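Biologist: I want to learn how to read a model like this one. Please take me through it feature by feature.

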Amino acid sequence: MNTLLPGATIGVLGSGQLGRMFAMAARRMGYLVHTFSPETDTPTGQVADVEVTASYEDLDAVRDFASRVQVVTFEFENVPAATVEAINGIVPVRPDGAALYTTQHRLREKTFLQAAGIPIAPFRRVGTRAELDAALDAIGYPAVLKTAGFGYDGKGQRLIKSATDAPAAFESLGGREAVLEAFVDFEREVSVVCARGADGETAHFGVVENSHERHILDCSLAPARVSAEVARRATEIAESLLEQLALVGVLCVEFFLTRGGELYVNELAPRPHNSGHFTIDACQTSQFEQQVRAVCGLPLGATGQLRPAAMANLLGDLWQAGEPDWRAACAIPNVKLHLYGKHEARAGRKMGHLTALAPTTEEALRLVRAARAALTSRA
Ligand code: AMP
């Protein structure tokens with residue numbers, strides 16, 4: 001594929017906030033963006049040039065979409081393989097279908113990671129109740145049972161503390177294939193967002209530290225408070241995964257870091273990630289611009305971080321007592337507001353985020369938390 005220069009049209013599968021921020025970066029650089037998903041008036045559609053509303057299974061609509069763009073990328077990895085295949089004959093998909101196929105299914109992803117020699121928590125495939133019992137015998141307690149496909153933000157996940165939790169956990173699968181993995185007693189969770197260009201060049205945004213609430217990302221701090229040695233190993237693993245997946249685009253690698261300094265890969269996402277949102281305000285190039293550059297075959301941008309940063313997610317819960325007080329949060333200097341244009345604020349739904357910049361990550365975290373608290377502190 002030749003380089004796609006500004007003026008070209010990029011197709012995005014999926015229409016959430018990741019596609020929105022991608023489209024904003026693409027349009028800023030002079031590209032056109034078409035988005036495809038089953039919904040209308042979406043976060044991506046609101047800022048794209050064209051919003052196509054059709055099912056991922058409607059392959060005629062998928063082919064028609066592909067015929068109007070020069071390259072297709074995605075912001076959501078649970079896209080059926082047949083959808084990607086239908087596009088492949090028409091225009092390139094970046095990252096390609098193979099990377100998507102591996103990373104959209106936990107069992108395939110873990111099998112790939114194991115074969116690649118990447119440290120991961122011990123795991124077993126679980127299809128039947130007997131397999132769950134055998135897996136618990138092998139892995140021990142506590143363990144985490146996760147559906148193999150289509151899980152995110154802890155959905156389809158159960159902690160098994162002892163044998164008495166096993167029957168209900170198995171029932172909750174509803175017959176779906178699953179993975180049992182050892183519970184990792186981590187000190188902190190960290191991630192690396194990195195990118196690989198069409199010519200094989202790679203770049204990363206350093207190590208980010210993440211805290212979760214109810215399995216949903218709550219805050220990210222960058223740079224992470226980890227040793228130089230941990231940062232070196234995490235970024236090396238991330239870059240080796242880019243090579244092994246031969247991925248063209250952005251990849252996020254999520255890790256557990258133990259007290260002993262060991263890193264275990266938890267998950268891969270072959271796209272920009274919530275933990276990389278700080279790059280919009282804090283880095284020379286954002287993770288979204290990097291995705292634009294990679295999928296269009298442009299050189300990658302510099303990833304230097306200009307100031308320490310902290311990001312806090314804004315979930316729908318904040319709307320419980322009415323519209324949050326945007327003015328109060330904006331009154332705090334060095335805090336940036338990002339909202340995704342979602343009309344319905346449901347509990348646990350990612351509606352937006354705040355990013356704070358400060359001389360230290362601790363100060364940035366304090367600021368971003370204060371700004372978020374100010375949203376709902378009206379007397
Ligand atoms: P996941 O959807 O796999 O990223 O899991 C969501 C969150 O659940 C993670 O970020 C962790 O906070 C927690 N979690 C998942 N798997 C494990 C595990 N094996 N050990 C400890 N915590 C876990």
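Biologist: Where is the place of Pro95?

Modeller: Pro95 sits in the loop between helix H3 (81–88) and helix H4 (97–103). Helices (H or I, at least four residues) and strands (E, at least two) are DSSP runs, numbered from the N terminus. The peptide bond from Arg94 to Pro95 is cis, with omega near -5°. Another cis bond runs from Ala222 to Pro223, with omega near 0°. Pro223 lies in the loop between strand S11 (216–222) and helix H8 (228–244).

Biologist: What should I know about the model and its numbering?

Modeller: This is a predicted model: local features need pLDDT of at least 70, side-chain atom pairs count only at pLDDT 80 or more, and totals for chains, interfaces and linings use all residues. Residues are numbered from 1 along each chain as its sequence is written, and side-chain values use heavy atoms, with hydrogens and water left out.

Biologist: Which residues come nearest to the ligand?

Modeller: A residue is near a molecule if one of its heavy atoms lies within 4 Å of it. There are 16 residues around the ligand, and Lys146, Glu181, Val184, Glu189 and His215 come nearest.

Biologist: How much of the ligand does the protein bury?

Modeller: Accessible areas come from the Shrake-Rupley method with a 1.4 Å probe. Alone, the ligand exposes 470 Å², and the protein buries 94% of that.

Biologist: How many aromatic pairs does a search of the whole structure find?

Modeller: Rings of Phe, Tyr and Trp (its six-membered ring) pair if their centres lie within 6.5 Å; planes under 30 degrees apart count as stacked, over 60 as edge-to-face and the rest as tilted. The search finds five. Phe186 and Phe256 are stacked, 5.1 Å centre to centre with 5° between the planes. Phe186 is in strand S9 and Phe256 in strand S12 (residues 249–258), 70 residues apart.

Biologist: Is Phe256 buried or exposed?

Modeller: Buried means under 20% relative accessible area, exposed over 50%, partly exposed in between (1.4 Å probe, protein chains only). Phe256 is buried, at 9%. Phe186 is partly exposed, at 29%.
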